[in-house]
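Please read the following report with the sequence and the model side by side.

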Amino acid sequence: MAEKACVKRLQKEYRALCKEPVSHVVARPSPNDILEWHYVLEGSEGTPFSGGYYYGKIKFPPEYPFKPPGISMVTPNGRFMTQKKICLSMSDFHPESWNPMWSVSSILTGLLSFMMDNSPTTGSVTTTVAEKQKLAKASLAFNCKNPTFRKLFPEYVEKYEEEKVMVHPTQEQVSTIPTQAENSTPLLDGLNKVEPHKDVKNQQRKSCPTWLLLLLVSVFGVVMALPLLQL
């Protein structure tokens, strides 16, 4: 159970973060446990992590701020192992170097800075730039499968849904695209309906079956049959 001083300190830090957000960092305490915080680090531009959203947890001891917290990352990132504590000077790996003046914002700012570095540490991994970029691109989709992430960071879920719609339009959006038939105009429709020429009608009307021609010639002769054929 958290000590009173610990609860008061963490509440104060959360209010400070809400009032003055830190660039590329979002952090919120668990609704059921103020000692467990959840964070999202946004990858910095010009780095292999650009475009990535890295979800993780901070576990504070009841004695905070006099003892350091444990820090871990959930999102695959190519820099740190997932679900494993990360060794930092401001984590519980090094209680001897902990400064009670450090806060949640300073801890996460330090973590983000260390993430951009390649220095090995306990909990770190070695990957190529291409692998980091691939993981950065897939990070938001990965996070949105986590129920806790969806509950604590709805703004990122909304962002993911918007990006998904842009890449894969819904059937409803596709159906709103006008078809060729819908684009037709009365003028074009009129051009498609060509009336037969009057001479053609007359020609069709004047045409005479062969059997009738032979019958008329045999009865009236050629001279008498010609006027009849012109009727």
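At its relative accessibility, does E161 count as buried, partly exposed or exposed? With a relative accessibility of 31%, E161 counts as partly exposed.

**Salt bridges**

| Salt bridge | Closest N and O atoms | Relative accessibility of the Lys |
|---|---|---|
| D92 and K85 | 2.8 Å | K85: 47% |
| K159 and E163 | 3.7 Å | K159: 29% |
| K164 and E161 | 3.4 Å | K164: 36% |

Two of these pairs belong to helix 5. K159 and E163 are four residues apart in helix 5, which covers residues 154–167, so about one helical turn separates them. K164 and E161 also both lie in helix 5, where they are three residues apart, again about one turn of the helix. In the remaining pair of the table, D92 is partly exposed with a relative accessible area of 28%, while K85 is partly exposed with 47%.

**Aromatic rings**

The structure holds 13 aromatic pairs. In one of them, the rings of F153 and Y156 have their centres 6.3 Å apart and their planes at 65°, and because this angle is over 60 degrees the pair is described as edge-to-face. Are F153 and Y156 buried or exposed? F153 counts as buried at a relative accessibility of 0%, and Y156 is buried too, with a relative accessible area of 5%. Elsewhere, ring pairs link Y14, W37, F60, Y64, W98 and W102 into a cluster. An aromatic ring can also face a charge: the charged end of R79 sits over the ring of F114, at 4.9 Å from the ring centre.

**A serine in a loop**

S124 is found in the loop between helix 2 (104–115) and helix 3 (129–143). Although S124 lies in a loop, its relative accessibility is 16%, and S124 therefore counts as buried, since the cut-off is under 20%. A polar atom of the S124 side chain lies 2.7 Å from the backbone oxygen of T121.

**Cysteines**

How many disulfides does the structure hold? The structure holds zero disulfides. A disulfide is a covalent bond between the sulfur atoms of two cysteines. C6 is buried, with a relative accessible area of 0%, and C144 is buried with 4%.

**Confidence of the prediction**

The mean pLDDT of the protein is 83, and 72% of its residues reach 70 or more. Which elements of the protein have the lowest and the highest mean pLDDT? Helix 8, residues 186–192, has the lowest mean pLDDT, at 48, whereas strand 3, residues 53–59, has the highest, at 98.

Technical notes:
Residues numbered from 1 in each chain as written. Predicted model: local features only at pLDDT ≥ 70, side-chain atom pairs only at ≥ 80, totals over all residues. Heavy atoms only, no water. Disulfide = S-S within 2.5 Å. Buried < 20%, exposed > 50% of the residue type's maximum accessible area, 1.4 Å probe, protein only. Phe/Tyr/Trp six-rings, centres within 6.5 Å; stacked < 30°, edge-to-face > 60°. Lys NZ or Arg CZ within 6 Å of the ring centre and 35° of its normal. pLDDT = per-residue confidence, 0-100. Helix = DSSP H or I, 4+ residues; strand = E, 2+ residues; numbered from the N terminus. Salt bridge = Lys/Arg side-chain N within 4 Å of Asp/Glu carboxyl O. Polar contact = N/O pair within 3.5 Å; in protein donor to acceptor, adjacent residues only side chain to side chain.
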